Amino acid sequence: MKLGSSFLVPAGHDRVFAHFLDPDSMRVSVPGCTELDRADPAHYRGRLVNEIAHVRFSAGFSAEITELREPEQVRALLKGEDHKLGSSIKIDARLGVQPDGPDSAKVDYELDIAIWGRIGRLGESLVRRRSQEVEKEFVAAFAEICAAGPPGPDNPGLRSVLERRNGQSAPAEAPVPWWRRLLARLFGRKN
């Protein structure tokens, strides 16, 4: 399955590119990334936990940077496996960053994704839909972190994104499901 898109980030392209190589920035930006460590300049290890169609995928993964042209492009090969589900994933990723004004950068990416096992059998449409949801969450978090300052554990955007994700800021009211509204109308109850 191939995915690709582009988005704008309100920070200079040098800073944006540096955030892509920073394990703290990526761990907080990627939804479901619970661990991410940089073993050396070209290798990362981590854990990704996500859910697709009520199937929880929890995989340890490794990432190897196969091409690096700072501050314009990075290519990486990611491999992960969830032993409980008997599922594995391989992602060949290309990421490009270009200036889009003095304090703005355009990011474009291409992903070639191969999924095997139980997750792979869910079907491309479900995986594609979940991938689009993850992309929206990633773009919002990553843009906030980049705009907040340079990469590193002291970036205030990291704390802000984590607090919101953990519900420590004022939570938005959850919408009432359609079936509850229908039952309320049928039986004269309030939501």
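Start by selecting Arg27 and Asp24: both sit in helix α2 (residues 23–29), 3 residues apart, which is about one turn of the helix. Helices here are DSSP runs of H or I with at least four residues, and they are numbered from the N terminus. What you have open is a predicted model, where local features need pLDDT of at least 70, side-chain atom pairs count only at pLDDT 80 or more, and totals for chains, interfaces and linings use all residues. Residues are numbered from 1 along each chain as its sequence is written, and side-chain values use heavy atoms, with hydrogens and water left out.

Now show the side chains of your first pair. Arg27 and Asp24 meet in a salt bridge at 3.7 Å, N to O. The term stands for a side-chain nitrogen of Lys or Arg within 4 Å of a carboxyl oxygen of Asp or Glu.

Next, select Glu67, Arg69 and Arg75, which a network of salt bridges links. Glu67 pairs with Arg69 at 3.2 Å, N to O, and with Arg75 at 3.5 Å, N to O. Across the whole structure, the search finds 7 salt bridges.

For the last stop, turn to the largest pocket, with a volume of about 1300 Å³. A pocket is an open set of points on a 1 Å grid over the protein atoms alone, where a 1.4 Å probe fits and protein lies on both sides within 12 Å along at least five of seven lines; lining residues have an atom within 4 Å of a point. Points are joined across faces, edges and corners, and the volume is the space filled by probe spheres set on them.

Finally, color the lining by type: 34 nonpolar, 7 polar and 7 charged. Here Ala, Val, Leu, Ile, Met, Phe, Trp, Tyr, Cys and Pro count as nonpolar, Asp, Glu, Lys and Arg as charged, and the others, Gly among them, as polar.

Definitions and conventions: Helices (H or I, at least four residues) and strands (E, at least two) are DSSP runs, numbered from the N terminus.
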